[in-house]
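Let's take a friendly tour of a protein chain.

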Amino acid sequence: MKAVYLVDGKRTPCVKSGADLKEIAAPYLGHYLIRHLVDKHGIPSDQVDEVIVGNTGTPAKYPNVGRIIALEAGLHKKTSGYSVHRNCASGMEALSQAYDKISSGRSHIIFAGGVENMTQMPL
């Protein structure tokens with residue numbers, strides 16, 4: 001098995017439900033983090049293999065949050081992106097899948113994590 005390294009981590013801001021971020025859809029909370037990490041570490045946008053995003057409250061307008069985040073972050077259009085859904089552990093599942101792909105040699109650079117906007121989820 002190939003060694004896997006976690007290079008950096010960032011998180012989206014947390015605010016009270018219904019407050020400052022209530023109008024921002026989940027994909028737009030996540031894409032700027034990836035762009036920041038790409039720029040900070042000098043990663044060529046066409047070298048990212050995949051974006052895997054945990055998202056339990058998938059917005060109807062954005063059925064594949066991972067792909068939207070990859071495109072909005074300015075990654076190359078060949079970079080695949082997908083979303084995983086696992087109540088209370090979607091972000092960890094995304095990290096687990098990224099680990100499996102890198103350790104097996106199928107991928108080299110993957111952005112993985114989770115994103116939600118609970119205010120926009122119907123109750």
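The chain's secondary structure consists of three helices and three strands; helices (H or I, at least four residues) and strands (E, at least two) are DSSP runs, numbered from the N terminus. Along the sequence, the pattern reads α-β-α-β-α-β. This is a predicted model, in which local features need pLDDT of at least 70 and side-chain atom pairs count only at pLDDT 80 or more, while totals for chains, interfaces and linings use all residues. Residues are numbered from 1 along each chain as its sequence is written, and side-chain values use heavy atoms, leaving out hydrogens and water.

**Overall**
- Of the 123 residues in the chain, 35% are buried (under 20% relative accessible area, with a 1.4 Å probe and protein chains only).
- The C-alpha atoms fill a box of roughly 45 × 30 × 25 Å along the principal axes.

- I34 touches V51, I69, A73, L75 and F111 (heavy atoms within 4.5 Å), not counting residues up to four places away in sequence.

**A look at E50**
- E50 sits in strand β1 and counts as buried because its relative accessibility is 8%.
- Its side chain makes a polar contact with the side chain of S80 at 2.9 Å (a pair of N or O atoms within 3.5 Å; within protein, one must be able to donate a hydrogen and the other to accept it, and residues adjacent in sequence count only if both atoms are side-chain atoms).

Methods:
Buried means under 20% relative accessible area, exposed over 50%, partly exposed in between (1.4 Å probe, protein chains only).
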